[in-house]
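Here are some notes to read beside the structure. Please keep it open while going through the points.

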Amino acid sequence: ITFGGADPTVGVFVEGAKETRQWTGYSLTNGQKLWGPVGNQSPWDYYGNPIYDYASGCVAYGKLYSSGYGGIEYAYDLTNGKLLWTYGNGGPGNSTASSFYTPYGNYPTFINAVGNGVLYLVTTEHTVETPIYKGAMARAINATDGTELWTLSDYTGEFSQMSYAIADGYATFFN
């Protein structure tokens, strides 16, 4: 069980269960369980993020965002735990499908930054594969509804650091 984030404006903190790839929300005021466990995330998400093997989540805008090696971004409502939307398992403009380029079916996709209502996602994993994944992308998606804003050809090779920095309308990251 790991800490999945807290949002004082909503009054909720979240814990993640790695083995089940599920989330539970609790009151910041009194610790009472509010919802959960919720989530039916990809079995590949069991492996966590590029360095630590725990449920990977990010709290912002009254939502819990979670993604991982399964390549699908999930957005849950922090007030009730309901799944609001997913990104990465749809058609054009909502796909992280890798064809046969990865063993996962989708490119491993992780949140590297959040700001101005945007989630910045990258394809990466623990150890860069050689050759790097053909067709891998850095992505920006709307944090409210999961619509794709833009993609950029990129394989962000990271291990113990997340390299993304955003400020003043610019984004910088390893490639």
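1. A residue counts as buried when its relative accessible area is under 20%, and as exposed when that area is over 50%. Thr109 has 1% relative accessibility, so Thr109 is buried. The model discussed here is a predicted one.

2. Thr109 belongs to strand β9, which covers residues 109–115. Leaving aside residues up to four places away in sequence, Thr109 touches Ser67, Gly68, Gly71, Thr96, Leu121 and Val122.

3. How many salt bridges does a search of the whole structure find? The search finds one. Arg139 and Glu148 form this salt bridge, with their closest N and O atoms 3.7 Å apart. Side chains of opposite charge can pair when their charged atoms come close. Arg139 is buried, at a relative accessible area of 5%, whereas Glu148 is partly exposed, at 28%.

4. Some backbone angles deserve a check. Most residues other than glycine have a negative phi, and most peptide bonds are trans. Arg21 is not a glycine, yet has a positive phi of about 55°. Arg21 sits in the loop between β2 (12–17) and β3 (22–27), and is buried with a relative accessible area of 18%.

5. Tyr61, also a residue other than glycine, has a positive phi near 55°. Tyr61 is found in the loop between β5 (57–60) and β6 (63–66). Is Tyr61 buried or partly exposed? With a relative accessible area of 42%, Tyr61 is partly exposed.

6. The peptide bond joining Gly36 and Pro37 is cis, with omega at about 5°. Pro37 is part of strand β4, residues 33–38.

Note on methods
Residues are numbered from 1 along each chain as its sequence is written. This is a predicted model: local features need pLDDT of at least 70, side-chain atom pairs count only at pLDDT 80 or more; totals for chains, interfaces and linings use all residues. Side-chain values use heavy atoms; hydrogens and water are left out. A salt bridge is a side-chain nitrogen of Lys or Arg within 4 Å of a carboxyl oxygen of Asp or Glu. Buried means under 20% relative accessible area, exposed over 50%, partly exposed in between (1.4 Å probe, protein chains only). Helices (H or I, at least four residues) and strands (E, at least two) are DSSP runs, numbered from the N terminus. Contact means heavy atoms within 4.5 Å.
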